[in-house]
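Here is a short tour for you, with the structure to hand as you read.

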Amino acid sequence: TVESDLAANVVLIVDTSASMATRTADEDRMALARERASAVVGRLPVGGRITVVAAADTANVLVSETDDTDAALEAIDGITATQLPGDLTDAFALSSALAQRDADSTVVVVTDAAGDELPDVGVGAPVLVERIGSTDANQAIAALSALRRAGGAQLDLFVAVANPSATQATRRLEVYADGALVDARELAIPAGQRSEALVSTVPAAATVVEARLAGSDALVTDDRAFAVVPADE
């Protein structure tokens, strides 16, 4: 028999934060995460038990300390990415509590976060990180707000676009008012920073405005944002 690199009690954390929804021509991050997580189940020692946790900004236990590998695999198969921020602190705290109940424990984390981005939480058991994801080519609408000026006669729209990736990006920012394009401009966003724009071409009578990054990147869900225009008082 092949000896497992895992303890008899495994806590498997699968990161489901927004960045895990990344899909490109070369990569489907969540599908890869499910594949890696399923492989962990396959590496369980004979008689081993596993707890499966889906985690974004909170921890959601899908199966707890089960020796039923089919149940664990079924739980993993149903895991999908969320639009929530990534913070595995709760999941690590839960893992720490579970590990304290069984000295023979291993914590496995399937995530696209780099090691230095993981919570600094003492778990009390070995932590194995299964890191996935090869691209960080993503920009996002980070802020969007509409302001009335000149006694309500003018609408100003404030837009901020963030670029968390490691290289500078240029993106076309489009602004729509009630579905009609009212502004378009190229924004250069330095690596790891954000660029801001003040748009003054939104009609004063607009009720809903949308900011949209044209084209596509690694995560499409954060390329659009909506704001309801405050009433003219």
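In what order do the 3 strands of the open sheet stand? The order is S6-S7-S10, and the pairing is antiparallel. Keep in mind as you look that this is a predicted model.

**The sheet**

Strand S6 (140–149) and strand S10 (193–202) each have a single partner strand and stand at the edges, so one side of each is left without a neighbour in the sheet. On average, neighbouring strands of this sheet are turned by 20 degrees against each other, direction ignored. In general, the strands of a sheet pair through backbone hydrogen bonds, either parallel or antiparallel. Here, S6 and strand S7 (residues 154–163) pair in the antiparallel sense, over 9 bridges. To find your place along S7, look for Phe 158, which has Ser 145 opposite.

**Helix H2**

Now turn to helix H2, which spans residues 69–77. Which of its residues are buried, and which are exposed? The table sorts them.

| Side of H2 | Residues |
|---|---|
| Buried | Ala 72, Ala 75 and Ile 76 |
| Exposed | Asp 70, Glu 74 and Asp 77 |

The buried residues Ala 72, Ala 75 and Ile 76 cover an arc of only 100 degrees around the axis, which puts them on the same side of H2. The exposed residues lie on the other side of H2.

What covers the buried residues of H2? The cover includes strand S1 (9–15), helix H1 (29–42), strand S2 (49–55) and strand S3 (59–66).

One more detail sits at the start of H2: the backbone nitrogen of Asp 70 has a side-chain oxygen of Asp 68 within 3.1 Å.

Terms used: Residues are numbered from 1 along each chain as its sequence is written. This is a predicted model: local features need pLDDT of at least 70, side-chain atom pairs count only at pLDDT 80 or more; totals for chains, interfaces and linings use all residues. Side-chain values use heavy atoms; hydrogens and water are left out. Buried means under 20% relative accessible area, exposed over 50%, partly exposed in between (1.4 Å probe, protein chains only). Helices (H or I, at least four residues) and strands (E, at least two) are DSSP runs, numbered from the N terminus. The arc is that of the directions from the helix axis to the C-beta atoms. Contact means heavy atoms within 4.5 Å. A polar contact is a pair of N or O atoms within 3.5 Å; within protein, one must be able to donate a hydrogen and the other to accept it, and residues adjacent in sequence count only if both atoms are side-chain atoms. Two strands pair if DSSP finds at least two bridges between them. Axes are lines fitted to C-alpha atoms, for helices over the stretch in contact, and angles run from 0 to 180 degrees between N-to-C directions.
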